[in-house]
2 protein chains.
Amino acid sequence: MAPRSSWLSIPADSHFSLANIPFGIITSRHSQIEKRAAVAIGDHVLDLKAFAADGGFSALPSFQEHVAVFSQPTLNAFAALGQPVHREVRAYLQDIFAADTAHPEILKDNAALQKAALLPKHDTKTHLPMQIGDYTDFFAGINHASNVGTMFRGAANALQPNYTHLPVGYHGRASSVVVSGTPIRRPNGQILADPSAEPKVPVLGPSRRLDIELELGCFLCTGNRMGEPIPIGEAASHIFGFVLMNDWSARDIQTWEYVPLGPFNAKNFGTSISPWIVLADALEPFRAPKLKNETPVLDYLKEEREDTVYDIQLEVDLTTPDGGTTTLSRTSGKYLLWSFAQMIAHHSIGGCPMATGDLLGSGTISGTGKNDLGSLLEMNEGGKKEIMIVGMDVRTFLLDGDTITLRGVCGGEPGALVGFGECSGTILSAPDLP
Amino acid sequence: MAPRSSWLSIPADSHFSLANIPFGIITSRHSQIEKRAAVAIGDHVLDLKAFAADGGFSALPSFQEHVAVFSQPTLNAFAALGQPVHREVRAYLQDIFAADTAHPEILKDNAALQKAALLPKHDTKTHLPMQIGDYTDFFAGINHASNVGTMFRGAANALQPNYTHLPVGYHGRASSVVVSGTPIRRPNGQILADPSAEPKVPVLGPSRRLDIELELGCFLCTGNRMGEPIPIGEAASHIFGFVLMNDWSARDIQTWEYVPLGPFNAKNFGTSISPWIVLADALEPFRAPKLKNETPVLDYLKEEREDTVYDIQLEVDLTTPDGGTTTLSRTSGKYLLWSFAQMIAHHSIGGCPMATGDLLGSGTISGTGKNDLGSLLEMNEGGKKEIMIVGMDVRTFLLDGDTITLRGVCGGEPGALVGFGECSGTILSAPDLP
């Protein structure tokens with residue numbers, strides 16, 4: 001089936017085809033202060049505040065009472081309306097942009113509204129799409145967990161005994177989540193100059209093992225009351241949508257600090273996410289089975305179907321200060337042992353209250369080969385091997401001025417891609433020591 | 001020096017003497033919906049919204065432009081004004097309540113404003129005082145860390161090598177922080193029916209090792225920009241004030257889940273705090289030296305003085321469903337290896353952005369004796385010993401219906417106590433398994 005065509009010119013290779021319709025928060029060249037909601041479509045964005053103000057939703061009467069949500073500086077109020085509303089709005093906007101739209105008077109034939117609300121993407125700036133209440137990072141990429149566990153504890157003990165029984169996760173730092181394009185300052189921290197020396201005496205200095213973690217992020221639209229777990233069968237209905245995520249990690253700080261309570265300053269200096277939230281409905285055609293879990297899981301984690309992750313083609317690019325770009329990895333969002341629905345069911349099983357705007361990270365996603373890894377630590381085999389990059393250059397970990405860009409896209413049919421755009425960040429030098 | 005006396009009748013044993021003036025958020029019997037700011041004073045609270053509305057701050061002109069902060073449902077806006085403003089407002093309110101007030105016309109001789117704003121405490125209800133951005137729990141109670149470490153790893157390896165070099169901490173769950181009086185539902189979770197059996201196979205069930213953690217909480221009034229650490233010399237100026245904190249913990253869930261990323265569901269089902277935020281200024285007379293750290297600390301953690309913790313007399317009471325109350329512990333807030341200023345300097349050294357409303361926990365506070373411990377796990381020696389309580393009864397961990405009440409107070413002079421009131425919570429039975 002050929003993709004539904006649009007009256008708007010949408011490049012065939014755009015991540016933001018008519019099949020996608022992801023939501024974000026923008027300002028524009030002509031309105032730089034006021035953050036408001038938008039959807040991305042090809043090389044344009046539709047300013048939903050302006051669209052709503054001039055009757056854009058007049059052919060969707062059920063939504064009329066809610067249009068004020070698009071004038072807010074985050075998508076939380078829209079998200080809180082719940083999946084049935086998101087579904088209705090997305091389908092409506094798909095129709096509005098369709099060549100055979102049932103409502104050509106709304107936008108297709110309305111030059112004034114096009115001028116007011118349909119902005120060239122390069123005239124807009126994206127912002128953090130949600131106010132994040134709590135951010136939890138899981139560890140569901142079993143290939144990554146296994147690779148890193150092998151480095152630290154040997155192959156026989158690579159995975160902890162709990163790993164296949166529950167989606168291991170930890171609470172992250174919500175305040176340090178930033179939108180793609182925000183520079184990341186190399187952290188100073190306590191590191192061991194010589195990790196093998198005894199006694200262990202740390203020095204304060206810039207991290208020398210600055211790494212990335214390729215992850216998927218999942219925003220919740222609705223939560224639960226404290227003390228009332230979310231059943232696995234309902235968990236997916238609490239998902240608003242997905243973003244790409246780079247959980248920057250300082251491996252030398254992490255090694256020293258992480259026992260016994262987990263990573264802290266090794267992670268809380270910055271986590272980047274892509275700006276456009278892709279709704280679960282848009283990813284529906286790209287469902288894929290989770291990685292096989294040989295361990296029987298407890299009932300509260302049992303899903304009715306196995307295809308509860310997505311085959312998102314993921315890519316990690318490194319651009320050096322001289323401008324050369326190397327693709328470090330190509331992998332897939334399907335390489336997870338646990339789905340986000342399972343993470344939600346586990347997170348809330350003890351009664352933890354979850355809320356609109358909560359962000360869950362998948363954990364680092366790696367395949368099983370050499371060229372599909374989600375962290376430098378795996379590519380450089382624990383820091384022991386140089387990674388060849390373009391320009392006869394090498395990297396072990398990131399240098400100042402390096403830019404990492406994550407990309408993710410589903411499908412291969414021109415004109416029908418469902419993608420995330422980019423999640424990028426450039427490393428700035430560490431601040432002076434205090 | 002005799003304490004300054006008040007025209008208002010304040011019981012001599014009140015935690016809320018004229019020397020205190022802690023801030024909180026209330027509703028009242030006559031205005032049950034609208035949350036607003038208040039201070040506690042003896043058996044009364046002063047409704048600051050009502051006080052401000054009727055000219056209560058007219059003798060403090062510099063604050064007039066800010067009075068709207070007291071009409072908000074949290075103290076964040078007031079906190080964000082910074083310590084010099086809190087200091088001025090507290091001193092002003094102390095004067096307003098003083099027998100020799102410079103402004104008797106404001107409240108002392110103003111029956112109408114007393115009626116409007118000075119409410120009997122029992123006619124009011126307290127609420128969570130701050131909107132918490134991020135919650136971080138530290139581990140600075142070295143006696144507790146040592147006791148628990150000995151149980152898990154033996155006395156020789158009780159403390160990890162990093163423990164005396166940095167204030168170990170982890171990111172907690174902000175959404176599960178609740179105000180004193182909120183019931184706590186026993187969590188279900190994955191636990192090992194027989195922890196020594198191999199292979200390790202968990203079951204889902206109610207925690208059978210439900211514990212408490214006696215802590216101090218610290219709210220920040222101001223933060224830092226991402227990438228710009230807070231120097232140790234400025235860290236204390238970012239503190240808004242302090243509360244008592246009970247970081248409820250499910251030890252059986254914790255044992256199974258916590259490797260390698262730290263505690264998760266063992267903690268995120270509930271953390272209780274006392275409702276009244278005691279400002280650092282009120283605690284100033286009760287400074288005490290930190291516990292001696294034999295390890296030289298790095299410069300970014302060096303404080304100019306050693307008396308950067310507080311001698312707060314802390315108490316843990318257990319009340320059973322039949323009404324009998326046993327004091328399980330009496331200890332002091334001074335039993336910390338790290339001050340909150342050091343925690344802030346460490347938390348931000350890598351650039352982590354901290355913000356108004358962030359909550360930091362001290363970690364469990366224990367003394368060195370048998371009767372000054374901050375968790376049941378220490379009192380029952382890892383679950384092996386029964387704790388004798390009144391009524392010929394015993395406890396190992398908490399049973400449904402048990403109430404834990406934390407208390408904390410500084411000073412001994414009648415009429416001049418600076419206290420926190422109570423932090424209490426009653427255990428409800430676990431929900432049915434899904």
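**View 1. Thr364(A) in its loop.** Thr364(A) sits in the loop of chain A between β22 (359–361) and α10 (376–379); strands and helices here are DSSP runs numbered from the N terminus, with at least two residues (E) for a strand and at least four (H or I) for a helix. This is a predicted model, where local features need pLDDT of at least 70, side-chain atom pairs count only at pLDDT 80 or more, and totals for chains, interfaces and linings use all residues. Side-chain values use heavy atoms, with hydrogens and water left out, residues are numbered from 1 along each chain as its sequence is written, and chains are lettered from A and ligands numbered from 1 in the order in which they are written. With a relative accessible area of 1%, Thr364(A) is buried (buried is under 20%, exposed over 50%, partly exposed in between, using a 1.4 Å probe and protein chains only). Its side chain makes a polar contact of 3.3 Å with that of Glu213(A); such a contact is a pair of N or O atoms within 3.5 Å, and within protein one must be able to donate a hydrogen and the other to accept it, while residues adjacent in sequence count only if both atoms are side-chain atoms. Leaving out residues up to four places away in sequence, Thr364(A) touches several others, among them Gly141(A), His144(A), Leu214(A) and Glu378(A) (contact means heavy atoms within 4.5 Å).

**View 2. Arg153(A) in helix α5.** Arg153(A) belongs to helix α5 of chain A, residues 142–153. Its relative accessibility is 30%, so Arg153(A) counts as partly exposed. The Arg153(A) side chain gets to the backbone oxygen of Asn157(A) at 3.2 Å. Beyond four places in sequence, Arg153(A) touches Ala158(A), Gln160(A) and Tyr258(A). An unreviewed UniProt entry lists Arg153(A) as "binding site", along with Phe139(A), Gln254(A), Tyr258(A) and Thr364(A); UniProt positions follow the numbering used here, feature names are shortened, and annotations may be inferred rather than shown by experiment.

**View 3. Asp317(B) in strand β20.** Over in chain B, Asp317(B) is part of strand β20, residues 313–319. Asp317(B) is buried, at 6% relative accessible area. A 2.9 Å polar contact links the side chains of Asp317(B) and Thr327(B). Neighbours within four places aside, the contacts of Asp317(B) include Thr325(B), Leu328(B), Thr403(B) and Arg407(B).

**View 4. Asp123(B) in a loop.** Look for Asp123(B) between β4 (118–120) and β5 (124–127) of chain B. A relative accessible area of 16% makes Asp123(B) buried. Asp123(B) touches Thr27(B), Ser28(B) and Arg29(B), not counting residues up to four places away in sequence.
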